[in-house]
Amino acid sequence: MVGKILNYGSINIDEFFTVPHICKSGETLSSSSYTMRAGGKGANQSAALAKAGGKIYHAGKIGKDALWVRDYMSEQGIDMSLTKLAEDENNGRALIQVSQETGDNAIMLFPGTNGTYDPKEFDGLLSQFGPGDWIVQQNEISKGGEMMRLAADKGLSVLFNPAPLTRGILDSFPFDKVSVLVVNEHEAEDLCREFGGNVSLSSSTGLEIAGELFNRFKTMQGVVVTLGGEGVVGKFRDQGEIRDFEVPSRKVPVKDTTGAGDTFVVTYININQ
């Protein structure tokens, strides 16, 4: 049974441009539609948890230009009492191209307030959480590794989605504190390379790549690797035994993949509530 869930994550203003195809280098395209929405990996995951019936506390920072995002997240059932207003900072933003041909996207990020998280605030944020609770984190904010270490040392379980996966991430986050790691196939390959491995989906199965990550940390409860349209695989420790999972996906028409990974990430916690 999961206790309280704290998402220490990003909050963005997402600007969507519908284009014939993803823009190439040197190319100018006209967008057939433009939409502005609440977003960010952190906010997306909090919204998915709330809509699935979970009790979620979101801690983060917003600029004055994103007060409407905070209000919207509250309306979705997310506790926003731990999210602070940064008076003199612009909010984080994402410019998102969505291809009419394939439904795929390409995203450019501006960190804004997501890059101003301060370790001095961490102890206060964690004061109402402890053993039995979970913290959900991504890699779209500053100083996330320091928060992860403090949370784990206080007894919280850690669900980590290291996206976007950046070079040197092993130096920024204490992976030995992670309870459940959730990555997509490309992030899994890149993370293996960060460890010095040489695996890829061209020569290894998704489950083999999950195992490569899983075996790095004996305290990690599980590793989940999503494979896009091919489904998902995972390796978990269950009362001393290691269990493998391979779940194919249902084939459905693709409209827009934005936020699909974020929605999936929180499934593990929700089904354990």
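These legends walk through a few close-up views of a predicted model. Residues count from 1 along each chain as its sequence is written, and side-chain values rest on heavy atoms, with hydrogens and water left out. Because the model is predicted, local features need pLDDT of at least 70 and side-chain atom pairs count only at pLDDT 80 or more, while totals for chains, interfaces and linings use all residues.

**View 1. Helices H6 and H7 pack against each other at about 40°.** H6 covers residues 185-194 and H7 covers residues 206-214; helices here are DSSP runs of H or I with at least four residues, strands are runs of E with at least two, and both are numbered from the N terminus. The two axes sit 10 Å apart. An axis is a line fitted to C-alpha atoms, for helices over the stretch in contact, and angles run from 0 to 180 degrees between N-to-C directions. H6 and H7 are therefore oblique to each other (under 35 degrees would be roughly parallel, over 145 roughly antiparallel, 65 to 115 roughly perpendicular, and the rest is oblique). Their crossing is left-handed, meaning that the near helix is turned anticlockwise from the far one by less than a right angle. From H6, Ala188, Glu189, Leu191 and Cys192 make the contact, and they meet Ile209, Glu212 and Leu213 of H7; contact means heavy atoms within 4.5 Å.

**View 2. H7 is mostly covered, with seven of its nine residues buried.** Buried means under 20% relative accessible area, exposed means over 50%, and partly exposed lies in between (1.4 Å probe, protein chains only). The buried ones are Gly206, Leu207, Ile209, Ala210, Gly211, Leu213 and Phe214. They pack against strands S10, S11, S12 (232-238) and S13 (241-247), and against H6 as well.

**View 3. Tyr8 and Tyr117 form an edge-to-face pair.** Rings of Phe, Tyr and Trp (its six-membered ring) pair if their centres lie within 6.5 Å; planes under 30 degrees apart count as stacked, over 60 as edge-to-face, and the rest as tilted. Here the ring centres are 5.1 Å apart and the planes are at 75°. Tyr8 belongs to strand S1 (residues 5-8), while Tyr117 sits in the loop between strand S7 (105-110) and helix H3 (122-126), so the pair links distant parts of the chain, 109 residues apart.

**View 4. Phe175 and Phe217 are a stacked pair.** Their centres are 6.4 Å apart, with 20° between the planes. Phe175 is in the loop between helix H5 (169-172) and strand S10 (180-184), and Phe217 is in the loop between H7 and strand S11 (222-226), 42 residues apart. Both are buried. They also belong to one aromatic cluster with Phe160, Phe173 and Phe195. The structure holds nine aromatic pairs.

View 5. Leaving aside residues up to four places away in sequence, Glu194 touches Thr166, Arg167, Gly168, Ile169 and Leu170. Glu194 and Gly168 are 26 residues apart in sequence, yet 7.4 Å apart in space, C-alpha to C-alpha.

**View 6. Helix H1 (residues 41-51) is mostly covered.** Eight of its eleven residues are buried, among them Gly42, Gln45 and Leu49. After H1 comes Gly53, whose phi is positive, near 100°.
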